[in-house]
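Let's take a friendly walk through this structure, starting with metal sites and moving on to charged pairs. Keep the viewer open as you read.

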Amino acid sequence: MNTPDHAASQGVDHDAGQSDASASDNRGKPYSKLTRYGLTETVSDQFARITTGDPELVPGRVVRVDGISTSVHASTRDFRAVSTLARFVQPGEFDSDNEPEIEPAQPTVGDWVLVRPGQDNEPDTIELVLPRTALLVRRRVMRGKEQGDEQLLAANVTTVFVVQSATHFNASRLEREIALVWGSGSVPVVVLSKIDLLEGAEHAKMAALAEVTRLAESAAPGVEVFAVSGITGEGTDLLRRFTATGKTVVLIGASGVGKSTLVNQLMGEEVMDTGETREADDRGRHTTNTRQLLSLPGGGVLIDSPGIRTIGLTAGSEEAIAKTFSEIEEYLGKCRFRNCAHAGEPGCAITEAIAEGRLLRSRLDSYRRLLRELQFEQTKHVAGAKTDHQIMMRIIAKSGRQKNRLDRQPESD
Ligand SMILES: Nc1nc2c(ncn2[C@@H]2O[C@H](COP(=O)(O)OP(=O)(O)OP(=O)(O)O)[C@@H](O)[C@H]2O)c(=O)[nH]1
Ligand SMILES: [Mg+2]
Ligand SMILES: [Zn+2]
């Protein structure tokens, strides 16, 4: 395994002793070092346009975030950069003389960014963040607090492995996880882990596996379901089709379901620490505590993440819920009464479907629960409200960055 890259993705600095390759190197072989970090042609084109205008900026990908220190695997070397002044690149910003809108960005793992190496004793800073193709975000549910904030889980992901232990399957959790993924703009895949722990004789194991697969399929209609063991490796080869070059996969799930074990299995070595689970319930103890982006030997990119206890859906998740419960949506609007509450009214298409066994009552219950929860959240949420921090960012960014960019412009031609 190529140690430098590999160690870099673990947040180890390799700044010392490495010369800063000049920006002109990028022209010959644009950012080839980023290919193993999921670079796509679209991203590469965007980088090329921006660095033509400002050759000092170094393209890279966020591999890890520790508080205000963000680890970036960049085309020249690795950075530990400060991200407090980062802003999103605006569409067409580098194609025209238009003043760009300043939109502050909080870089997260998987983001494509441009780093400005610090001069003298100044820190390296993330200056620009490319627009995201997908963003996984959850509402943090904080006990005893009025309203949880939002936590960014990963950006620019192509597929999300939603991992649950085959021995402790939880349908309502899976429904939330799937809704979270649909809302992010990426595609979910269900991974049932620890199949080696299914007990009994071979045929009993097969029956248990078939049953848990069936449950997963009905909680996640239209989503592919895989059954694997991160320990024996059984079933894991089938997952490799999601991890080809240019693809980014993030693993999510409760603590202890075996995300890091699966990551190690796919990486072909022990990259991540894995933890003991409690005997009683086979649950984990939060072994992984930061999200981390790793480059797979076969080409793609994996992001391991800490176990998530509660999956709060963010405001505006209606469409994601509809997609999660696609079989229910099919019946909506087909009841006799337009305002049907599906609670026993005559001519109710949903009640009829349940009675005829075409629809599960439990699915309708979950669907309603999630929608109600969302409505409740939204009444608390003042539309368009900005936090003090966001307002501050706008002011600082407007006065500072804009000026810098304009000052530098003559150099670029
Ligand atoms: N038998 C068996 N044990 C597994 C499997 N996958 C994980 N384990 C065990 O389950 C425990 C937890 O695994 P981890 O990979 O650390 O789980 P995780 O999902 O990364 O947990 P967090 O990092 O806390 O979110 C460890 O003791 C693993 O050895 C599996 O497929 N089979
Ligand atoms: Mg882990
Ligand atoms: Zn109805």
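A residue counts as buried when its relative accessible area is under 20%, as exposed when that area is over 50%, and as partly exposed in between. With that cut-off in hand, serine 260 is buried, because its relative accessibility is 7%. Please keep in mind throughout that this is a predicted model.

Water is not among the atoms, so a metal site may look incomplete.

Now turn to the zinc ion (ligand 3). Which atoms coordinate the zinc ion (ligand 3)? They are the SG atoms of Cys335, Cys340 and Cys348 and the ND1 atom of His342, at 2.1 to 2.4 Å. Along the chain, these donors follow the spacing C-x4-C-x1-H-x5-C. The site is tetrahedral, and the angles among the four donor atoms run from 101 to 113 degrees. For reference, the ideal angle for four tetrahedral donors is 109.5 degrees.

How accessible are the zinc-coordinating residues? Cysteine 335 has a relative accessible area of 11%, so it counts as buried. Cysteine 340 is buried too, at 11%, and cysteine 348 is buried with a value of 3%. Histidine 342, at 16%, also falls in the buried class. While we are on the subject of cysteines, a disulfide would need a pair of cysteine sulfur atoms within 2.5 Å. The count of disulfides by this rule is zero.

Next come the charged side chains. Side chains of opposite charge can pair when their charged atoms come close. How many salt bridges does a search of the whole structure find? The search gives 16, and a few of them are worth a visit.

One of these pairs is arginine 64 with aspartate 66, whose closest N and O atoms are 3.1 Å apart. Its two partners fall into separate accessibility classes: arginine 64 is buried at 17%, whereas aspartate 66 is partly exposed at 30%.

Another pair joins arginine 132 to aspartate 111, with the closest N and O atoms 2.7 Å apart. Arginine 132 is in the loop between β6 (125–129) and β7 (135–139), and aspartate 111 is in the loop between β4 (87–88) and β5 (112–116), so this pair ties together parts that are 21 residues apart in sequence. Aspartate 111 is buried, with a relative accessible area of 0%, while arginine 132 is partly exposed at 22%.

Finally, look at glutamate 127 and arginine 116, which form a salt bridge with their closest N and O atoms 2.6 Å apart. Glutamate 127 lies in strand β6 and arginine 116 in strand β5, so the pair ties together parts eleven residues apart in sequence. Both of these residues are buried. They also belong to a network of salt bridges that links Asp54, Glu56, Arg116 and Glu127.

Conventions:
Residues are numbered from 1 along each chain as its sequence is written. Chains are lettered from A and ligands numbered from 1 in the order in which they are written. This is a predicted model: local features need pLDDT of at least 70, side-chain atom pairs count only at pLDDT 80 or more; totals for chains, interfaces and linings use all residues. Side-chain values use heavy atoms; hydrogens and water are left out. Donors are N, O and S atoms within 2.8 Å of the metal (3.2 Å for Na, K and Ca); water is not among the atoms, so sites may look incomplete. Four donors count as tetrahedral if all angles lie between 85 and 135 degrees; four count as square planar and six as octahedral if opposite donors are over 155 degrees apart and all others between 65 and 115; anything else is irregular. Buried means under 20% relative accessible area, exposed over 50%, partly exposed in between (1.4 Å probe, protein chains only). A salt bridge is a side-chain nitrogen of Lys or Arg within 4 Å of a carboxyl oxygen of Asp or Glu. Helices (H or I, at least four residues) and strands (E, at least two) are DSSP runs, numbered from the N terminus.
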